[in-house]
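Have a look at the structure first, then go through the notes by topic.

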Amino acid sequence: MANVKALLFDLDGVLVSTEKNHFIAWCETARTLGISFSKEDNEALKGVNRVDSLKQILKLGNKTLSSEAFESFLVFKNKIYLDSISTLSEADLLPGVHALLRQAQSMGVKIGLGSSSKNAPMILDRLGVKRFFDVVIDGNGVTYPKPHPEVFLNGAKALGLDPSECLVFEDALSGVTAAKEGGFLSIGVGNPLLQNVADVYLNNLTEFRLEAYV
Ligand SMILES: [Mg+2]
């Protein structure tokens, strides 16, 4: 496939791994709610936004909350998470990320972010890579979470491109599904479960050859 004009990246698990930070924060939230929460439970929250993640945890414990309490637990989780990621730096970028961003920029290939995280702009800033991004679509800019393709469609639209001109890099099944639904070529990264699902699979971004797509 040639003629690629933009790369659209998911954030978590593709550019950086804040999985353990989310896990710590959800564990603490679940513990406070009196709900037991395992690593496997956490796996099911990959690529799921904060509201739906809390709903799933409540379901695990057969609990319901008033809307006020629900809101306050969302804030609680986010505070623990933000505290734990406040020390992120360029050193936390996953292998191959920095080189690929630099290469894409030098070749005139646009770069976008399509993440369900509302903290995405702050995390890009901490990682020192915000300057590479032509467009950032985060959890504040979408109505429908992945696997709905909205976040990537909005990214392509903001760049004035057709989905067929963009590659989507994802580590979660919901994200690969979103990419495919939207008409994008999907590149699965670092999650063996995507090996037979994504159009192309890479262990990490060092394996990606941009020259083959432009
Ligand atoms: Mg992800």
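Two residues count as in contact when they have heavy atoms within 4.5 Å of each other. Keep in mind that this is a predicted model. The notes below cover a metal site, a helix and a loop residue.

**Magnesium site**
- The magnesium ion has Asp10 (OD), Asp12 (O) and Asp171 (OD) as its protein donors, and they lie 2.0 to 2.2 Å from it.
- Along the chain, these donors follow the spacing D-x1-D-x158-D.
- Asp10 is buried because its relative accessible area is 7%, under the 20% cut-off.

**Helix α1**
- Helix α1 takes in residues 19-33, and its 15 residues should span 21 Å at 1.5 Å a residue; the end C-alpha atoms are 21 Å apart, so the two values agree.
- The buried residues here are Asn21, Phe23, Ala25, Trp26, Thr29, Ala30 and Leu33.
- What do the buried residues of α1 pack against? Their partners are α2 (39-43), α3 (50-60) and α4 (67-85).

**Tyr144 and its loop**
- Tyr144 sits in the loop that runs between β3 (135-137) and α7 (150-158).
- With a relative accessible area of 47%, Tyr144 is partly exposed.
- Ser116 is 28 residues away from Tyr144 along the chain, and their C-alpha atoms are separated by 9.5 Å.

Notes: Residues numbered from 1 in each chain as written. Predicted model: local features only at pLDDT ≥ 70, side-chain atom pairs only at ≥ 80, totals over all residues. Heavy atoms only, no water. Helix = DSSP H or I, 4+ residues; strand = E, 2+ residues; numbered from the N terminus. Buried < 20%, exposed > 50% of the residue type's maximum accessible area, 1.4 Å probe, protein only. Donors = N, O, S within 2.8 Å, 3.2 Å for Na, K, Ca; no water. Expected span 1.5 Å × (residues − 1).
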